[in-house]
Amino acid sequence: MHSRHGRQPAGDHLVFRSLPIQFDSYGRAQLRDEDVPEPFDFVIEARRQRARQREQFVEQSRGRAGFRHFVINPQGSTTIPPGIIVALDLDQRRILDAQAEGGEYSPQELVIINRKPSDAVTISARTRGGAGGAHTIAASLALEMAGGITPPPLAIITRNLGSCGEMIAECIRHLSLHTGPDYSEEVFARSSPAILEVARRTPAPGAAIHGYDSIGDILQAFNRLRGELCLEGLRHFRIASEVTTLVFGRSIHPTTLFPGGNGIQASRETFNLLLGRVTALLDYAKKISAVWDDLIEFLYEADPRFRRLGELPANLISVGLWEDPETYDGSYANCNEWGARRLSTPGAIVNGEKRTDRLTDLNIGIEEFVDSAHYAEWQTARFSADPLSSPLSPRHPWNRETLPLFANASHSDTAADKISASGGDARRRHTWLSAPRWDREAMECGPLARLWVNALNVYNNCEFIDVVRGGLEINIPKGQQEARRLLWRIPERSNALERNRAAACQIGYAGMVAYASLLRAFDCLRHGETQMSNPFMLPARSIGAGFWESAGGALTHHVVVRNQQITNYQIIPPSEWIFSSRDASETPGVIEAAIHNTPLTEDFTNSEDFTGIDILRVLRSFAP
Amino acid sequence: MQSEPESLDEVSLIWMTGIGCNGCTLAMLEASDPGIDDLIFGNVPDAPRVTLIHPELSMESGAQYLGLLERAASGTSAPFVLVLEGALPVDLPNPGGVSHVITAAAGEVTESPSTFSPPTLALWIERLAARAEAVIAIGSCASWGGIPASSGSALHVQSLSDLLGHHYVSRGGLPVVNIPGCAPPGQVFIETLIYVFLHLKQFVPLDLDEERRPRWLYRHNVYPLPPRVEYPPAVGFDLSQRPTVGCPVPVTGWVRNIGGCTKVGGSCIGCTERDFVDRFLALARPDPALN
Ligand code: SF4
């Protein structure tokens, strides 16, 4: 293995374009100009300008007959919805603006503070039901980094396995219960009957693989909760949950994981039970990828506007996941090495161009903005540099303090006390999600970002997944179905349908990672390496970071420990990358920008029969 | 008032979500044999055919969905059972703007007038509870408050029983049924739901304990303990000195008898109990030297 630690960015290639960070000839990060007093205190004027122009445009359109405001709730939470307010001109069939509202307030960050470090594992898991395993692992990694802890190989392998199960379950749930039905017969019958007609007449190229003769049959199978694909998805969601349960004790908020290990017994029986289930999921992966390939190519053909549904510049971030047990040592000093050996590698892409594949760059490039969120700005920045002396923004998660601004602060005296009088003007604060940015860009995360990053990274860490020119090849062995090679190509653009295609492909990808992990697990057993945990003592004073991916995308945990207690804990879940709103420079959030670019394909004559299905397809394309 | 048992061939399951993590919905979906799909298709003997009205899973969305809630709340729809996942916020942690209200469901697109102030979740729950055949709190958040109510959370929340009051009785003659756990196994929810139906049909009375949990499921005791770790400090507990909590998992496992916390070497954090992160977490730390 080559050491990537000291590798410097090649030639004039810049990792950071907006942040004032550059690299010296040893590849060490430093401030571009040491003499600038507050180097991170700047806004990007051009973006503010663009935001103002959009606002003016919306203002001017207000008088028009077709002008409407709609409130949209993507995930259907009945409270604190991540609602989006969209301004439209129905006469011109145009989306004028979108603003992410509400968001979910997660109490976890504040609940964890002042507790013992290992409590963070349990409490943070409860941020998101479908990502409990990912949070548990991210918290364990953060504490392993803080405490210099390395779990034994088999514990790392089982962590990978459970995480594959969770990823597969969430991708299946997303495709069959959430966004799949957005493309169902019942939806098209109402929104675009003409497309449904064509679909019924169009033979499905992948019929031999998935068994649906026409595209119309596929659409019918996506009818919500009744269609065959939805019910088959539900069955496989359950199989994937069993995979997680077998190694994590439970599929929702695992209770077996802790820094340094996993509490389960490593038995041959467990791994055999896993193998049967993983094989079933791999057969399903072959089929479901073919279904989505057929559906997507048909839609592009039937109405080219589908290519622009939820279109975004390719600003993509993935922090990677699935450790290589030989390289992973939990340390920050070596994180670029073990990061590059992950079975899904980390990286950042801006405008389609790869900026970095190093975890340290990803880490120092993250900032959190609260300009449009219900949080006060924090006044002190504890760390001006990371443990390797790279400069850190005062808005970096190791520096951020969570200071919620409650309407009635009587229940949160401690937090309220800290809120400065300069809390900002409340009119502009409209969401509970702070806005994470990398190099000041709003970054998309999720299956599409993961596959794209891996295709550009060219590491080939999993023996069954090959990086080929412009894409990935996933080689799935014979199960009950014939062996099949899934081919994923870097798409021309990031859009709603490509996100769904990537989620389908991710099932096969994660399935093969699980398969490869099982082979290694059997190897460990053969060699008598059955140890599942290493002793640990957390130091009284330390910092750590955990980088992992849930199905929805990049997940980071940052912890600060003082006197054996947690004094700060910051979680950036994928939902903040996707559903957050504007930052200090008024850069629109990912979801806002994706809606701005969306054409309205549905048939409607007036606002009564407008269903907004195109916007919903965009919202629900962000998995899951 | 007891409703007529023969009218219970078709029952709606109205699932509402408060402040939580969506984990109970996932647990419900995971259960099978029977699963929620079997109830929807009417495959479970003696249980009614169920129409699921769930914010992210039901067939209706938008104005149609709100219409379903409205009809249920005004007593003009089929009989229904109300389920709450998540805790209920008491005051809105939001200085203006849209929050803690039902704006929409299953991806609703609602036209928003300039004075947009839909009813709060608590208001919907109160109206629906008045007409519900039975009311179920799933998960520790809805049952007790859970993590949103724990120390440090800075939120002021209520459980379902807090909101409806301890003397609340549903149309079917039942108090709020609690299915605590963070999350509880989905099978426990489905099984309880079926027994609620059998109770409503006057076949088998529902046996609840003093915490209003299904007694036969929560009478098993489990010790909050650290995970099985292969180093000395964590072994050798004097169990006689330890508290126990009631939990179905030691018997049911997590899904289809697989997994289940301490059964497979994981920790028990006492997640079925009130204030579990404040009371039991210390007993489940993998490194007791830190306690
Ligand atoms: S065994 Fe303990 S942690 Fe597991 S579900 Fe029961 S109470 Fe919760």
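Hi everyone. A quick definition to start: I'll call a residue near a molecule if one of its heavy atoms lies within 4 Å of it. With that in hand, here is the first thing to look at in this predicted model: the ligand lies between chains A and B.

So who sits around the ligand? Chain A brings Arg250(A) to the shell. From chain B we find Val245(B), Cys247(B), Val249(B) and Cys261(B), and then a run of residues, Cys268(B), Ile269(B), Gly270(B), Cys271(B) and Thr272(B). Sorted by class, that shell holds seven nonpolar, two polar and one charged residues.

Now let's turn to chain B as a whole. Its secondary structure comes to ten helices and ten strands. Of the 291 residues in chain B, 62% are buried. If you take the contacts in chain B with a separation of 6 or more, 74% of them are between residues 24 or more positions apart.

You can find Phe203(B) in the loop between helix 7 (186-200) and helix 8 (215-218) of chain B. Phe203(B) counts as partly exposed because its relative accessibility is 48%, and the exposed class begins over 50%.

Next, some backbone details. As background, most residues other than glycine have a negative phi, and most peptide bonds are trans.

Where are the cis bonds I'd like to show you? One joins Asp33(B) and Pro34(B), with omega at about -5°. Pro34(B) lies in the loop between helix 1 (23-30) and helix 2 (36-40) of chain B. Another cis peptide bond joins Cys182(B) and Ala183(B), with omega at about -10°. Ala183(B) sits in the loop between strand 8 (177-179) and helix 7 of chain B.

As for positive phi values, Arg212(B) has one of about 60°, although it is not a glycine.

Over in chain A, Asn114(A) is not a glycine either, and its phi is near 70°. Asn114(A) belongs to the loop between helix 2 (108-112) and helix 3 (119-125) of chain A. Is Asn114(A) buried or exposed? It counts as exposed, because its relative accessibility is 52%.

Definitions and conventions. Residues are numbered from 1 along each chain as its sequence is written. Chains are lettered from A and ligands numbered from 1 in the order in which they are written. This is a predicted model: local features need pLDDT of at least 70, side-chain atom pairs count only at pLDDT 80 or more; totals for chains, interfaces and linings use all residues. Side-chain values use heavy atoms; hydrogens and water are left out. Ala, Val, Leu, Ile, Met, Phe, Trp, Tyr, Cys and Pro count as nonpolar, Asp, Glu, Lys and Arg as charged, and the others, Gly among them, as polar. Helices (H or I, at least four residues) and strands (E, at least two) are DSSP runs, numbered from the N terminus. Buried means under 20% relative accessible area, exposed over 50%, partly exposed in between (1.4 Å probe, protein chains only). Contact means heavy atoms within 4.5 Å.
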